[in-house]
Amino acid sequence: MAFELPALPYDYNALEPYIDTQTMQLHHDKHHGTYVSNLNNALKDHAFSSLDPEQVLRRINEVPEAVRTTVRNNGGGHVNHAMYWQIMKPNGGGAPTGEIANAINSSFGSFDAFKTAFNDAGAKRFGSGWVWVTLGQDGKLQINSTANQDNPLLDGIYPIMGNDVWEHAYYLKYQNRRPEYLSNWWNVVNWDEINKRYAQAKQGR
Ligand code: MN3
């Protein structure tokens, strides 16, 4: 198989009480697993099946039209979730550290203002999608949101971090209370990993 479901880097129950065990099991094994198998099926006989999945998204316009939407949705689903598991960790959260802390302060004034803007963008996304932090041309951090499984890489922009606001990410525990999920999510954020991704973004990855 060309694309593989990455193992979760911690136990299914490791993000309790903020993200419950059953949600993690279903979200990783079933949802992410299905994106990977659909992506493999769509690109089965195509040279892109040997590419890094991030490159597939960057080159989405070269994917045959017959499977382009399938690849966009499921390739996005694969790349988005591979990032999502890595930018969370047990006993994470707290104030940001390292270079990203400086970038947050210079772009948004304070960590609280940044969190508020991120949570608002996530809460306002109608239906299913993601909320992202990217690096703008001016060197400042930007917050935006996309529908479905669209990733900023479709526009050539490397995402520094993002949160999943599909109902499958939170509904078992939070039901309709998406803002509560968004605000609790900061307790599991992995700033070390986000700093690595920020460095990649600055290098123009
Ligand atoms: Mn998801």
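User: What should I know about the model before starting?
Analyst: Residues are numbered from 1 along each chain as its sequence is written, and side-chain values use heavy atoms, with hydrogens and water left out. The model is predicted, and local features need pLDDT of at least 70, side-chain atom pairs count only at pLDDT 80 or more, while totals for chains, interfaces and linings use all residues.

User: How many residues apart are His 81 and His 168?
Analyst: Helices (H or I, at least four residues) and strands (E, at least two) are DSSP runs, numbered from the N terminus. His 81 sits in helix H3 (residues 65-86), and His 168 is in the loop between strand E3 (161-164) and helix H6 (171-174). This pair links distant parts of the chain, 87 residues apart.

User: Is Ala 101 buried or exposed?
Analyst: Ala 101 belongs to helix H4 (residues 98-108). Buried means under 20% relative accessible area, exposed over 50%, and partly exposed in between (1.4 Å probe, protein chains only). Because its relative accessibility is 13%, Ala 101 counts as buried.

User: Which residue in E2 is the bridge partner of Trp 132?
Analyst: Two strands pair if DSSP finds at least two bridges between them. Strands E1 (residues 129-135) and E2 (residues 141-147) run antiparallel and are joined by seven bridges. In E2, the partner of Trp 132 is Asn 144.

User: What volume does the largest pocket have?
Analyst: On a 1 Å grid over the protein atoms alone, a pocket is an open set of points with protein on both sides within 12 Å along at least five of seven lines, and lining residues have an atom within 4 Å of a point. Grid points are joined across faces, edges and corners, and a volume is the space filled by probe spheres set on the points. The largest pocket is lined by 20 residues, and its volume is about 380 Å³.

Conventions: On a 1 Å grid over the protein atoms alone, a cavity is a set of points where a 1.4 Å probe fits but cannot get out, and a pocket is an open set with protein on both sides within 12 Å along at least five of seven lines; lining residues have an atom within 4 Å of a point.
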